[in-house]
Amino acid sequence: MDYKKAGVDIEAGYRSVELMKEHVKKTMRPEVLGGLGGFSGAFSLSKIKEMEEPVLLSGTDGCGTKVKLAMVLDKHDTIGIDAVAMCVNDIACAGGEPLFFLDYIACGKNYPEKIADIVKGVAEGCLQSEAALIGGETAEHPGLMAEDEYDLAGFAVGVCDRKDMITGENLACGDVLIGMASTGVHSNGFSLVRKVFDMTKESLEMYYDDLGTTLGEALLAPTRIYVKALKNVKNAGVTVKACSHITGGGFYENIPRMLKDGVKAVIEKDSYPIPPIFAKIAKEGNVEEQMMYNTYNMGLGMVIAVNPEDVDKAMEAIRAAGDQPYVVGHIEGGEKGVELC
């Protein structure tokens, strides 16, 4: 008896590392010390000495059951973008700059090419957010997971000067809400998605005119990363007074998290186009509108609040980053929460 017969292939692990190295190298930043393969990732903090009061920000998350779709379609090169996005968007939402990222892949069996594809997506997410991929772990779990199954999670660290943190404490009535378009479902609500649609390769590869693509492509579209958009807004001299990353819990759970007591967010539902995938989910699953807004991002992945005089400048900065902004509402006095109208 040996480790391989027990279900863990060490040689496959070595092969995975070799295949992923080319993707990891692309994400390196000057602050990264050492290379891939050490027991820990090293990152110099020399640059943050320029800040008055540097604050470290962290985020950890996974892709939920969206990985099931990747398995069914045998397409694994974008799910890593989702893992990065879920972490770095949270850091950017607080006013931070993501510095580095680490991934964790648990699998029933290590197929080196599949693992390399997953890490390729992780590296792409890191490139989009300008974060270095400085480490990770691939763990085989024979007997715990089926051979063709895996799960993916990540952890990111960022930094910001305390004076630049986005806290919502200076929100005022009349502040304008700007929403940034999502790419679709992102990485939340897939347990409901998998109940609504038939999760077979044939079903997911079916083309729909109303979607303009196959169902699988619409659902697997990677989570949009908003790091550059928020950085552009800051560099344009605009103060983001509050920010919300619209993830699990949709509008009703996430919008209130950006608010201080005594104010509410009023959002006009018809102020921006809702991607057709959400109408399809609602229709096919007979999902009520309130539940849709309580589960999904409904077309807005990030919402910020700015002074009225800063709206045009903020929207121009967001467009320059390649994102699509919409004026979607405003802040007014009232019980802390969100009102959709």
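Student: Hello! What kind of model is this, and how are residues numbered?

Tutor: Welcome! The model is predicted, so local features need pLDDT of at least 70 and side-chain atom pairs count only at pLDDT 80 or more, while totals for chains, interfaces and linings use all residues. Side-chain values use heavy atoms, with hydrogens and water left out, and each chain's residues are numbered along its sequence from 1.

Student: Which residues of helix H10 are buried, and which are exposed?

Tutor: Helices are DSSP runs (H or I, at least four residues), strands are runs of E (at least two), and both are numbered from the N terminus. Buried means under 20% relative accessible area, exposed over 50%, and partly exposed in between (1.4 Å probe, protein chains only). In H10, residues 276-285, the buried ones are Ile-277, Phe-278, Lys-280 and Ile-281. On the other side of H10, the exposed ones are Ala-279 and Lys-283.

Student: What does the buried part of H10 pack against?

Tutor: Contact here means heavy atoms within 4.5 Å. The partners are helix H5 (190-196), strand S8 (207-208), helix H7 (215-220) and helix H11 (289-293).

Student: How many aromatic pairs are there?

Tutor: Rings of Phe, Tyr and Trp (its six-membered ring) pair if their centres lie within 6.5 Å; planes under 30 degrees apart count as stacked, over 60 as edge-to-face and the rest as tilted. This rule gives a count of four.

Student: What are the distance and angle between Phe-278 and Tyr-296?

Tutor: Phe-278 belongs to helix H10, and Tyr-296 to the loop between H11 and strand S12 (300-306), 18 residues apart. Phe-278 is buried at 1% relative accessibility, and Tyr-296 is buried at 1% too. Their pair is tilted, at 5.9 Å centre to centre and 50° between the planes.

Student: Which strands are at the edges of the six-stranded sheet?

Tutor: Two strands pair if DSSP finds at least two bridges between them. The open sheet has mixed pairing and the order S10-S12-S7-S13-S11-S14. Pairing on one side only marks the edge strands: S10 (242-245) and S14 (337-340).
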